[in-house]
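I opened my notebook to look up a few places in this model. My entries follow.

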Amino acid sequence: MRDPTRARISGSAGTVVEIAVDATLASRTTSLARREVFAAAGIAAVVALGLVVFGPPAGDAAAHLYRTLLVRDGVFVWDNLWYGGQYPLASYSLLYYLPAAIVGNLPLVVAAVVASAALFASIAMEEWGEAARWPSRVFAVCVCAPVFTGTYAYAAGFAALLAALWAFQNGRRWLGIVCAGLTLGFSPLAFVFLCLALAAVAGADKPPRRTVIVVSSWLAAFTGIQLAVNVLFPAEGRYDFRLKELAWILIASGLGWFIASRSPRGRALALLFLFVGAVCLVAFFVPSPVGSTLTRFRVVVLPLALVAVCLVAWRPRWLAAVALVLAVQYTFSPYYSVASGLTDTRAARESYWEPALAFLRAHPDANHRVDVVPTFDNWEAYYVPKAGFPLARGWFRQLDLARNSVLYDEGLTGAEYQAWLRGLGVRYVLLPHVPLDRLAAGGQASLLRSGASGLVRVGEAPGWTFYELPTSTPILTGPTHVALTAFEHERIAGRIGAPGAYLLRVRYTPYWDVRAGDVCLERARGGMTRIVARR
């Protein structure tokens, strides 16, 4: 049998060169890599399960629970109960909520972070060897962040991202392409990072031209599909990129690039830091729904910075120390402030919402929406529409900033607030006595408590105060008497008393289907729906 550790190469002039590989060393290296993969997966499993069992409710969990509920109920395209109507899947994640509806959010996200830890360790040990040992273990801790923050869809997308990189690294091109498609389906943001990582690898390692063309073509095709989805299911949105956030990501990417570029083995890593900084700089000046979500790169800043300093043997030591201190601060600082707001977990409990829901059931009104001043983690976005009551808002920061920007103004006036409520057909406003959303609730809550809102206090319950807007404007108005008889996720029913044009305060979508009534639907001013009744 041929010795697999030896190879004979014949030259053109008949010279024979024999290369011997130290089988013991190769076996030891493979064994070390395998152990690190299992170690990283184990660390991630312990940390993730610890957060599930002992940690507070995840930050964005309410939004994911609600969207998962929609999929279980067969609601895929449109939902009336958030933001006056919106596309729940096309605007966020096309694929994530399908498996989440089957296995549940927490099992899925725990599996995703454990898989991410194992994949990163495998990729890093193959690329950087012993230098990646401790970075892989640190990464296994950092990658559990979605279990704490509730960025569940992104966690699944990030696992698919790493699976794509692992496949390309091991020469499994078509598997890598499939995983790239899954990355986009789970999380467009993770797909952006995948494209940057592949560009960095291509710039550093110079892969075969055919491979670059094939992979780039598929990535462009996937991008085209996403753009088509955006056109077919349009949703305005923006996510502000603050100067402080830009400064931090530029410092992190600049230091990472400088240190990694000093090692021949760190070229791909240096380019990745450089590309991330450049894309963030563009996102700062060009408003988009992506915006500062790019700063989620912070999750991998510490382990990648640790790789960089290991590659240069921690020299100079002062620079390595500064880089790691800043990386620790940048990676973990957001969680300090979030954790302080999660000490009060009342809003996450279903029992807390019973008095509010009881009030709404005692005052049934299919012709109006309800507004709940947002709680710290927006649990109203789950419990209120789950009970069948349409919310004026919901939980999707990009959409909230675009449609309800007046509520983010520090000088919100009673007149402005009333105009906003009438524009969305709101009658009752519910004020929770728990920690509120840090960005979008302060002005609204202060206005209600001060008595300057113009609303009337109509009730109280443990943990709640209820307000009513006098002479509120219904969701449907027109030249004669009208009334809604049903207002559900994908269905609206009502009665119109005479021919004419009516305003339905629901966002217009071309996918409405008139099941009964001699009416046609048009886009109204402000993006709402105009109903023209012929008889």
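Predicted model: local features only at pLDDT ≥ 70, side-chain atom pairs only at ≥ 80, totals over all residues.

I began with strand 11 and strand 12 (residues 529-533), which pair in the antiparallel sense over five bridges. Pairing here takes at least two DSSP bridges between two strands. Strands (E, at least two residues) and helices (H or I, at least four) are DSSP runs, numbered from the N terminus.

Residues are numbered from 1 along each chain as its sequence is written, and side-chain values use heavy atoms, with hydrogens and water left out.

Four strands form an open sheet, antiparallel, in the order 7-10-12-11. Strand 7 (476-477) and strand 11 (519-523) are the edge strands, as each pairs on one side only.

Then I turned to Thr 151. Is Thr 151 buried or exposed? I found Thr 151 buried, because its relative accessible area is 9%; buried means under 20%, exposed over 50%, partly exposed in between (1.4 Å probe, protein chains only). Thr 151 sits in the loop between helix 6 (145-149) and helix 7 (152-169). Leaving out residues up to four places away in sequence, Thr 151 touches Asp 60, His 64, Pro 146 and Arg 296; contact means heavy atoms within 4.5 Å.

Val 77 lies in the loop between helix 2 (61-72) and helix 3 (97-103). I noted Val 77 as partly exposed, with a relative accessible area of 35%.
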